[in-house]
Amino acid sequence: MKKILSTAAIAALCFSACSTDEPTANLTAKIKTDTTEMKHVTITFNCRGFDFSTEPFAETRALEADGKAMTDLWVLDYPNGQTAPTIQIHQTSSDEDFGSPTLNLAVGSHHVYFIASRGQDATIDTDAHTITFGKVRDTFYMDYEINVTATSNGSRSVTLERIVTKFTAIITDAVPEGAATFGMTPSQWYYGWDYVAGTPTTATASQAITINIPASEIGKTDELLSIFGFSSDTEWTTDIALDCKTSTGSILGTATIADVPLKQNRITTFSGPLFSANGLTTVSLSSYWLDDYTGTW
């Protein structure tokens with residue numbers, strides 16, 4: 001069964017006060033209630049983000065990376081031995097306490113899962129313990145294991161790690177008149193994350209990702225196209241097909257890159273011509289994330 005407890009509901013859990021001039025029966029009842037609530041400890045988790053655009057691991061105050069803020073934060077609490085979350089929180093960037101969720105945790109061991117992302121159309125399945133996005137963008141994650149005692153302090157700092165890879169294609173020849181869309185079609189791509197196992201999931205085969213071309217880009221060279229996908233920290237490969245089409249679907253150019261190497265927290269950049277076999281070919285190196293893998297087609 002999926003259970004959802006909002007931040008407001010968590011904050012509403014509090015200790016009952018008792019008065020010595022009340023009848024003994026009522027005082028006894030309140031003492032029992034207080035004893036039960038002492039088995040829970042309220043902890044605020046301060047989630048921290050990183051900005052990799054200037055220098056690696058430069059800490060920022062906000063949940064942002066490469067100068068772009070995360071839009072959503074999910075927190076799920078799984079007490080030891082339980083297969084369903086007892087607390088599930090979804091914060092958005094408009095929330096006053098975004099990035100600092102407060103949880104009322106029972107005494108004992110817990111796995112608290114944090115997922116911060118700026119992806120779109122997210123769906124969480126707590127039975128399968130997965131989160132899946134319609135459009136994957138930069139995403140960070142942490143499986144935070146904590147043993148809660150009656151004396152646990154009320155604040156913890158949590159650093160989330162990037163769990164996506166990024167593929168970038170640089171089209172070195174000029175975008176022709178009539179070009180309306182670029183297409184990128186990986187032979188395999190991951191749109192989801194198993195937050196309990198800590199592995200990518202929801203593999204999709206040959207699903208085209210379409211990027212609209214503004215009129216202002218016609219005639220320009222070195223067009224940069226990028227897509228995000230979930231990845232493990234073990235390098236893997238996939239083929240990626242590129243194309244450019246008119247508004248009516250006519251193909252203006254195509255290219256296929258075989259065995260593109262991808263890895264979590266790394267940008268893989270390829271460059272080459274799409275509209276001519278003898279166009280200018282250059283290789284660009286990115287200074288972001290881990291050391292880049294670069295190549296040409």
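This report describes the confidence, strand pairing and aromatic contacts of one predicted model.

## Basis and confidence

Residues are numbered from 1 along each chain as its sequence is written. Because the model is predicted, local features need pLDDT of at least 70 and side-chain atom pairs count only at pLDDT 80 or more, whereas totals for chains, interfaces and linings use all residues, and side-chain values use heavy atoms, with hydrogens and water left out.

The chain has a mean pLDDT of 81, with 76% of its residues at 70 or more; pLDDT is the predictor's confidence in each residue, on a scale from 0 to 100. Among the elements of the chain, the lowest mean pLDDT, 33, belongs to helix α2 (residues 24-37), and the highest, 98, to strand β16 (residues 189-194). Helices (H or I, at least four residues) and strands (E, at least two) are DSSP runs, numbered from the N terminus.

Over residues 1-38 the pLDDT stays under 50, and the model has 35 contacts (heavy atoms within 4.5 Å) for this stretch beyond four places in sequence. Residues 278-287 also have pLDDT below 50, with 22 contacts in the model beyond near neighbours in sequence. Where pLDDT is low, the predicted coordinates should not be read in detail.

## Strand β5 and its open sheet

An open sheet is formed by five strands in the order β6-β5-β8-β11-β13, with antiparallel pairing; two strands pair if DSSP finds at least two bridges between them. Its edge strands are β6 and β13 (161-162), each of which pairs on one side only.

Within this sheet, β5 (residues 72-79) is joined to β6 (residues 87-92) by six bridges in the antiparallel sense, and D72 stands opposite T92 in β6.

Eight of the eight residues of β5 are buried, where buried means under 20% relative accessible area, exposed over 50%, and partly exposed in between (1.4 Å probe, protein chains only). D72, W74, L76 and Y78 point one way from the strand, while L73, V75, D77 and P79 point the other way. In a regular strand the side chains alternate between the two faces of the sheet.

Strand β14 (residues 164-171) is largely enclosed by the rest of the structure, because eight of its eight residues are buried. V164, K166, T168 and I170 lie on one side, and T165, F167, A169 and I171 on the other, so that both faces are covered.

The pairing of β14 with β19 (residues 223-230) is antiparallel over eight bridges, and I170 stands opposite L224 in β19. With β22 (residues 267-272), β14 pairs in the parallel sense over six bridges, and A169 has F270 as its bridge partner there.

## Aromatic pairs

The structure holds 11 aromatic pairs, for which the rings of Phe, Tyr and Trp (its six-membered ring) must have centres within 6.5 Å; planes under 30 degrees apart count as stacked, over 60 as edge-to-face and the rest as tilted. The rings of Y78 and Y113 have centres 5.5 Å apart and planes at 80°, so this pair is edge-to-face. Y78 in β5 and Y113 in β8 are 35 residues apart, and both are buried.

Y190 and W236 also form an edge-to-face pair, at 5.4 Å centre to centre and 80° between the planes. Y190 lies in β16 and W236 in β20 (residues 236-245), so the pair ties together parts 46 residues apart in sequence. Y190 counts as buried at 18% relative accessibility, as does W236 at 15%. One aromatic cluster is formed by W74, F133, Y141, W193 and F230.
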